[in-house]
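Work through these exercises with the structure open beside you. Try each task before you read its solution.

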Amino acid sequence: MSQPENTTTQATALTNHDRKPIHIPGSIQPHGVLLALSTQLEILQVSNNTQEHLGKAPEDLFGKPLSYLLEAQQIETVKQCLVKKIGSPHAFKVSINILDQQRDFDAIAHRTEEAVILELEPTDSKSEVSFLDFHALAGEAIAKMQKTSNLIEFLHVVAQEVQKIIDFDRVMIYQFDQSGAGCVVSEVKREDLSPYLGLHYPATDIPAQARELYRRCFLRFLPDLTAEPVKLVPTENPTTHQPLDLSYSLLRSFDWCCAEYHQNMGVKALLVISLIQEQKLWGLISCHHLTPKYISYEVQKICEFLGQIVSSELAHKINYSEWNYKVKLKSLQSDFLESISQADNFIDALIKPEIRLLDLVSATGAAVCLDNEISLVGATPNIDEVQALIEWADIQVSDNLFSTDSLPKLYSEALRFKDTASGLLLLRISKVRRYYILWFRPEVIQTVNWAGNPNQTIQAETDASLTLSPRKSFEQWQETVRLTSLPWETCELESAIALSNAIVGIVLSNADELAKINLELERSNQELASFAYAASHDLKEPLRGIYNFSTVLLEDYAQVLDDDGIECLQTVVSLSVRMETLINALLRLSQLGQAQLREQATDLNELVTQVIEVFRASRQDSRFVDIRIPRPLPTVQCDRVLVNEVFSNLIGNAFKYNDKAEQWVEIGYLDEGLGTRDWGLGKIFLNPISNPQFPMPHAQSPIFYIRDNGIGIPQHHLETIFRLFKRLHSQEKYGGGAGAGLAIVKKIVELHNGQIWVESTIGIGSTFYFTLE
């Protein structure tokens, strides 16, 4: 149930009222007597009406032992309170000689932290009610209550039976909502009284402090709301010098606001029975009588007992009414989670078929957000609105589960999509990644019937403070509530949490499997690298023998061979040279697989200068080599020897695969953000020459490039060229080679936790990009 629009004003006044210490009023109701005793059962304080009820003035009782009033057996009964828990009452009958006449009282004793409290209520009954009598009064009511299964019918029977026992003019059952406000859900009344059934009451009517006392004490009886309270004397406990705690006192006086509130309703006597569910105050059985009315302590205890029975049965009735719905949600959960655990595509498993994700919490729309990928299901705000909502939640919502049935009141932008998302249930799956599931419910316009205008409970004082003032009218007052969806049920929230736990479990299970696979793969790679190293190393010796013997035959026995024999031997020599090149490449790769980086601060200007000098010395036409470096290169942490090999391979290839008359190579780097574009999944470098999309590395890492004006590489070969022994041309063209240079370059870059890729256009040239993390 929603509160009126001036909720903040009400909350301020309610907070001011809650500061009033209603559990220490310093007074009691006048229909009984209260004695505050020390742990030695000496009288410390009394109510200022002992002369009327006990025939003794208060000053005659101070400091006296309890034996001054009660007999030894009765005192022993009072002593039993000392071993009971705080607030636990012990009731018994006592007779006290007052002016030579015996007067009977119901005695109720309990202890507080500092004292023992003994309350005496005059009674006409000299003997306690037997169990059979008690059962006869309460048994019929209990039997009728247990025959009902429907919650509303059950509550109506409860109201009828309580009204039958106490014969009050009106008996209502009042249910609290999460905000502390409430609604009359059942009523039995005199025919001539105006109905309160279905009316709502704001939280200010029963403030939090009062609700807490109702939670701790099962029954509150005020037989005469017009009676003047009786002060305690002295006002403070002489031992502790503090007001006496009357939280569990049956005679505790009532707050003036409570009295005026009920008198404005025409009520003169009030009995309230607490209904507790799962240690929380679920509601109240509120009984009104239009004239002062006293009921015996025995009847009060029967009502308290019935309240406890109702509280117990209430849980069963509520559980029964919710059971089918919970079973439905559990069944959906089971099927849903099974399909997720077996799915290859996580998002598809969540949203296809879409009805399952919505039914899981009875929503009309949902959004699944995995980082920057958002998928919508059912009736939802658009992608941009959902993205903005998630950004708001990142800042404003700290819990993994968040729900509201009035999102526009918390997030003003939601006014634009109130028709689809006035209600929000948000589930954060990961705090590391932006993984969310959001469920939506539309606005449901409601008409709330209040018992009088709830705004009239607020009164401004002369000092500008706000206080509660009992309203004068309880006639039906209607309010139209907007920007609110149907509330999220507890079992729906539990369903969302179960989904989150299951997803985490599935992810962890998959992570374990992936870790095992990676471990096996790492072991296999190590074995493969060891095998490649051993094989390539061991093959070199017989290969060298083949080469040497073939050369000897050509040199020493050429005269005995014909032309075909000589040609065959020359082919053997050529192939052995070719094979040695391949073996050396394989050996180099296997060495890199087992290498440990020796990183150091390396000035790439010096390193590239050395590479260029070696390159020029090895080429006869070095005077035609045009190598451009637009700006000085940075200093980076890297393995100097290995990075030298990277630049050597890439620069060598740039000139090797170039058939232009004027050949050039440019060596440079890109600053972070230069030439980049954000596509949501990371930074993408876009080169005007071509348009393949490669994810950028970390923003702090410069991207090095080597650009040429060579022959170019076909688009379909841009990824395959980094494979071992992959050549795009025949052995005779462009100076031959093993086809291992780029595979070695890629391995070195990856050893530095970097990336390498290429962009190229046939006939125009190629650009190789790489990073060194």
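A charge sits over a ring if NZ of Lys or CZ of Arg is within 6 Å of the ring centre and within 35 degrees of the ring normal. Keep that rule for Exercise 2. The model is predicted: local features need pLDDT of at least 70, side-chain atom pairs count only at pLDDT 80 or more, and totals for chains, interfaces and linings use all residues. Residues are numbered from 1 along each chain as its sequence is written, and side-chain values use heavy atoms, with hydrogens and water left out.

**Exercise 1. Confidence**

Task: Find the average pLDDT of the chain, and locate stretches where pLDDT is under 50.

Solution. 
Step 1. Know the score: pLDDT is the predictor's confidence in each residue, from 0 to 100.
Step 2. Read the average. It is 77 for the chain, and 71% of the residues score at least 70.
Step 3. Look at residues 1-18. Their pLDDT stays under 50, and the model gives them 50 contacts beyond four places in sequence. Contact means heavy atoms within 4.5 Å.
Step 4. Move to residues 673-699. Here too the pLDDT is below 50, with 56 contacts beyond near neighbours in sequence.
Step 5. Draw the lesson. Where pLDDT is low, the predicted coordinates should not be read in detail.

**Exercise 2. Rings and charges**

Task: Which ring does the charged end of arginine 631 sit over? Then find the ring cluster that holds Tyr669.

Solution. 
Step 1. Go to arginine 631. Its charged end sits over the ring of tyrosine 669, 3.9 Å from the ring centre.
Step 2. Now pair rings. Rings of Phe, Tyr and Trp (its six-membered ring) pair if their centres lie within 6.5 Å; planes under 30 degrees apart count as stacked, over 60 as edge-to-face and the rest as tilted.
Step 3. Apply the rule. Tyr669 joins Phe647, Phe704 and Phe770 in a cluster linked by ring pairs. The whole structure has nine aromatic pairs.
Step 4. Check another charge. Arginine 441 lies over the face of tryptophan 488, 3.8 Å from the ring centre.

**Exercise 3. Salt bridges**

Solution. 
Step 1. Set the cut-off. A salt bridge is a side-chain nitrogen of Lys or Arg within 4 Å of a carboxyl oxygen of Asp or Glu. A search of the whole structure finds 20 of them.
Step 2. Take arginine 190 and aspartate 169. Their closest N and O atoms are 3.4 Å apart. Arginine 190 is in the loop between β8 and β9, and aspartate 169 in the loop between α5 and β7, so the bridge ties together parts 21 residues apart in sequence. (Helices, H or I, of at least four residues and strands, E, of at least two are DSSP runs, numbered from the N terminus.)
Step 3. Compare accessibility. Buried means under 20% relative accessible area, exposed over 50%, partly exposed in between (1.4 Å probe, protein chains only). Arginine 190 is partly exposed at 34%, whereas aspartate 169 is buried at 9%.
Step 4. Take arginine 434 and aspartate 394. Their closest N and O atoms are 2.7 Å apart. Arginine 434 is partly exposed at 25%, and aspartate 394 is partly exposed at 32%.

**Exercise 4. The largest core**

Task: How many residues does the largest nonpolar core have, and which element gives the most to it?

Solution. 
Step 1. Define the set. A nonpolar core is a set of buried Ala, Val, Leu, Ile, Met, Phe, Trp, Tyr and Cys residues joined through side-chain atoms within 4.5 Å.
Step 2. Count. The largest core has 38 residues; Phe647, Leu650, Ile667, Phe768 and Phe770 have the most contacts inside it.
Step 3. Find the main supplier. α17 gives the most, with eight residues.
Step 4. Zoom in on isoleucine 667. Beyond four places in sequence, isoleucine 667 touches residues including Val608, Phe647, Ile651 and Tyr705.
Step 5. Look elsewhere. A second, separate core of 33 residues includes Val158, Phe168, Leu271 and Cys287.

**Exercise 5. A buried serine**

Task: Is serine 406 buried or exposed? Name its contacts beyond four places in sequence.

Solution. 
Step 1. Read its relative accessibility. At 8%, serine 406 counts as buried.
Step 2. List the contacts. Serine 406 touches Ser422, Leu483 and Thr484.
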